[in-house]
Amino acid sequence: MKKGKFLLVMPDYSDFPKLFLENLEKEGFDPYLITDKVSKFKYKGAESVKNFFVKNILRNKEYKQGLIKKHFLDELNKNLSDIPDELDYILVIRPDNFPVPFIKNLKNKTRKLIAYQWDGIEKFPEVKNYFSLFDTFFCFEKIESQLNIKPITNFYFDHLPPAEKEYNTEMPKLYFVGLYWKSREEKIDRFIDEVSGFPIELSIFIQYFKEPEKKNSRIQYIQDRISFRENLEKVKDADILLDFVDPLHNGLSIRFFEGMYYRKKVITDNIMVKNYDFYHPDNIFVVENNNYKNVEQFLKTPYFELPVEIVKKYGFSNWIKEIIKK
């Protein structure tokens, strides 16, 4: 029995949208998708001539940008109008990637309009202008003085099979993938220096858009994004996931929830994780107060099996139930 028509609106980020749709379908929804990927902008009629005049004679470079923004909005609205029926739920992930008029049009298409900001609020502060447009606005950070904003953690996709690999206490593989930013580079370099004498296998990938000034020989630098499914295969093959907190985040990354589902340990500098019910010192090592000397014992300690009910609590199935009922 179908639970209702569900539209997902989100950035066209890797294969993430497909995983959402698969898990929504598994949960009994009839899913639709709109992303921020639209047809390429082309001039119409005399717009090209007018742009040349405005840009070169009037020294106004904003005319073309206005046309591009209008094209983007028109394409999004067209994609929305192609969905014939009224929708039971619309979930918008990273709403600040979409124009406000489009979000307002979404409201006319559904009985419940929901947002989820999977990145930090202060990392993308423009999203604050979107709070009031939704029936409920979820984020993994605690926001004060906003009635419609609810905290919720990240999750793992539970339509995918769990991993069977046992934790390797002799030579654990440590895995990390993430975007390059300078403060992260300094953290990772320090971590590598501190643990280089331990019996470990390092598998660290840093994606960059601009060539880093210096490179660490223990890091694999990549330009092409690793797909989410490819990342999950690397997660399954690892023993420990590394997590270096973004200073503009005030919550937990998805790595902790993947770690739970795939029975992987985590080494992190995010001290907030100690406040969660799935935290166990045998599974999660928090780097603080220069306690690197304790990492070696953590590496040798077997994985602690978490209660099944705690693991299930953070799966997509439970996550989606929470966001549509509030």
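Visitor: Which residues are buried in H5?
Guide: Buried means under 20% relative accessible area, with exposed over 50% and partly exposed in between (1.4 Å probe, protein chains only), and helices (H or I, at least four residues) and strands (E, at least two) are DSSP runs numbered from the N terminus. In H5 the buried residues are Arg184, Glu185, Ile188, Asp189, Phe191, Ile192 and Val195. This is a predicted model, in which local features need pLDDT of at least 70, side-chain atom pairs count only at pLDDT 80 or more, and totals for chains, interfaces and linings use all residues. Residues are numbered from 1 along each chain as its sequence is written, and side-chain values use heavy atoms, leaving out hydrogens and water.

Visitor: Why do the buried residues of H5 line one face of the helix?
Guide: The arc is taken from the directions from the helix axis to the C-beta atoms; seen down the axis of H5, its buried residues fall within an arc of 165 degrees, so they line one face.

Visitor: What covers the buried residues of H5?
Guide: Contact means heavy atoms within 4.5 Å, and the cover includes strands E7 (173-179), E8 (201-207), E10 (240-243) and E11 (265-268), together with helices H7 (255-261) and H8 (295-300).

Visitor: Which residues of H6 are buried?
Guide: In helix H6 (residues 228-237) they are Phe228, Asn231, Leu232 and Val235. They cover an arc of only 100 degrees around the axis, which puts them on the same side of H6. Their cover includes helix H1 (16-26), E7, E10 and H7.

Visitor: What does Ile267 touch?
Guide: Not counting residues up to four places away in sequence, its contacts include Leu174, Phe191, Ile240 and Phe298.
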